[in-house]
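Have a look at the structure first, then read on.

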Amino acid sequence: MNFDFAIIARYWPKIAEGLVLTVFICALALPLGSILGLLVYLARMSRYRILSNTALVFIELVRNIPFLIQIFIVFYVLPFYGIRFEPLTAGIGCLSVYGSAYFAEIIRGAIQSVPKGQSEAAKSLGLLYWVTLRRIIFPQMVGYLIPSATNMAITLIKESSVLAVITVAELTYIGQFIIGKAFAPVEIFSLIALIYWIITALFSLGMRVLEYRCTRFARIGLTTI
Amino acid sequence: MGFDLGHLLNAIPLLLKGALITFQVSVIGALLGIGVGLVLALMRLSSLTAINLPAIVYISLIRGTPLLVQIFFVYYALPGLLGVDLPAFVAGVMALSLNSGAFVSEIIRGGISMIPRGQLEAARALGLKTAIIWCRVILPQVFVMIIPPLTNEFTMLVKASPLLSVITVVELTRKAQQIMILTYRPVEVMIAAATLYFVICFLLSTLTRRLEHRAALKGGEGIRSGG
């Protein structure tokens with residue numbers, strides 16, 4: 001078995017296109033998913049039963065139905081009711097919605113990880129709600145939030161490959177396309193796996209730097225501030 | 001376009017057949033995955049770089065690449081490399097267990113790190129052989145501890161199994177697609193498939209939560225499962 005680099009050289013422009021689209025999809029779906037997740041979390045914590053129950057049902061539905069089935073529902077079932085999306089739009093939308101349910105739970109977990117006494121103490125000191133959130137709660141939850149959110153984001157980056165099934169021409173789809181033209185599965189899929197590996201590694205490295213900067217207070221010592 | 005109950009009732013027996021394959025694939029994948037995970041976890045414990053480095057690279061590679069790409073690799077590339085023909089079902093189960101193994105190994109490693117060092121020292125002081133210490137003292141305790149995260153991992157496998165439809169394994173999702181193509185009524189079939197998946201996964205995740213809760217009550221810190 002020898003590795004044929006000529007195939008990779010020949011199809012490199014196509015692969016680069018797929019890579020750009022994968023990055024584009026993630027660059028849209030990750031922020032969108034986080035914002036939606038925050039909204040779902042707020043609804044989940046709402047005083048109004050309708051809102052909180054809807055959010056709860058939404059979270060359980062999204063987390064317990066496979067992503068591929070969710071895509072199929074949007075792509076095959078919704079058009080029957082006159083709702084049609086381009087594959088790319090449907091894909092980015094599905095990925096964001098899928099992520100939002102998990103992000104909502106991650107935010108909830110992060111906020112619960114800060115002891116209740118902290119916000120009570122801040123309140124008794126007369127700090128405003130916004131200041132309490134920004135200066136007391138957020139710095140303490142960030143050490144929990146960033147690692148879990150990073151894990152979820154990496155899951156989403158990997159899950160974006162599933163969009164290949166609805167003909168979104170991202171990296172995995174391009175891989176299949178090239179296999180269809182020139183049968184070189186070992187070379188192509190090794191390369192594509194490697195590209196994903198580099199993307200996820202770079203992403204988690206970036207997030208680790210962010211976490212390091214956000215939790216600086218814990219290292220310089222909270223008491224000295 | 002309405003919702004036709006007749007179509008739904010016709011589809012259900014076929015979908016249940018598909019669900020049986022989904023169940024088989026997930027169970028076999030999970031059992032083999034535990035085997036792979038155990039080997040990887042023990043390799044990582046080794047102090048020899050030649051043994052622990054391959055395990056570290058494998059785990060990182062599996063966790064950093066999409067399952068779909070891994071499935072394609074096993075189905076399209078592996079037969080050429082190994083020189084054997086892999087039927088879709090076998091390739092699918094292999095891909096699932098190779099993937100799951102990387103995650104299980106991290107769970108097992110977490111479990112092993114929870115065993116107090118004193119256990120190992122006490123067993124050594126009693127003159128037990130290394131193999132006996134692992135098989136009779138450490139691993140049985142580890143396995144009891146990691147039951148909740150393993151249940152969670154099994155739920156993940158069930159949720160990942162629809163991807164096998166892409167390499168023509170006729171499990172629940174593929175079955176639903178086949179029915180959809182025959183009848184051209186995606187609404188009933190897809191909703192039914194989604195409901196089936198939801199029931200299975202919801203029961204499993206409720207079970208996981210129960211087990212985690214019980215473990216937390218029993219003895220201090222359990223191992224939290226991700227996702």
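How many residues does helix α6 of chain B have, and how far does α6(B) reach from its first C-alpha to its last? This is a predicted model, and in it α6(B) runs over residues 130–145, which gives 16 residues. End to end, α6(B) reaches 21 Å, close to the 22 Å expected at 1.5 Å a residue. Still, α6(B) has a bend of about 40 degrees, found at Leu139(B). A proline, Pro140(B), follows within four residues.

Now for helix α4 of chain B, residues 88–114, and its crossing with helix α2 of chain B, residues 49–64. There is also a crossing with helix α7 of chain B, residues 147–160.

| Helix pair | Axes come within | Crossing angle |
|---|---|---|
| α2(B) and α4(B) | 9 Å | roughly 115 degrees |
| α4(B) and α7(B) | 11 Å | roughly 155 degrees |

Take α2(B) and α4(B): their crossing is left-handed. On the α2(B) side, the contact is made by Tyr58(B), Ile59(B), Ile62(B) and Arg63(B), and α4(B) brings Leu98(B), Asn99(B), Ala102(B), Ser105(B) and Glu106(B).

What about α4(B) and α7(B)? Their axes cross at roughly 155 degrees, and because that is over 145 degrees, α4(B) is roughly antiparallel to α7(B). This crossing is right-handed. Here α4(B) supplies Leu96(B), Ser100(B), Phe103(B), Val104(B) and Ile107(B), while α7(B) supplies Pro149(B), Leu150(B), Glu153(B), Leu157(B) and Ala160(B). The residues of this contact divide into eight nonpolar, one polar and one charged.

Technical notes
Residues are numbered from 1 along each chain as its sequence is written. Chains are lettered from A and ligands numbered from 1 in the order in which they are written. This is a predicted model: local features need pLDDT of at least 70, side-chain atom pairs count only at pLDDT 80 or more; totals for chains, interfaces and linings use all residues. Helices (H or I, at least four residues) and strands (E, at least two) are DSSP runs, numbered from the N terminus. The expected span of a helix is 1.5 Å times one less than its number of residues. The bend at a residue is the angle between axes fitted to the seven residues ending there and the seven starting there. Axes are lines fitted to C-alpha atoms, for helices over the stretch in contact, and angles run from 0 to 180 degrees between N-to-C directions. A crossing is left-handed if the near helix is turned anticlockwise from the far one by less than a right angle, and right-handed if clockwise. Two residues are in contact if their C-beta atoms, placed from the backbone, lie within 7 Å. Angles under 35 degrees count as roughly parallel, over 145 as roughly antiparallel, 65 to 115 as roughly perpendicular and the rest as oblique. Ala, Val, Leu, Ile, Met, Phe, Trp, Tyr, Cys and Pro count as nonpolar, Asp, Glu, Lys and Arg as charged, and the others, Gly among them, as polar.
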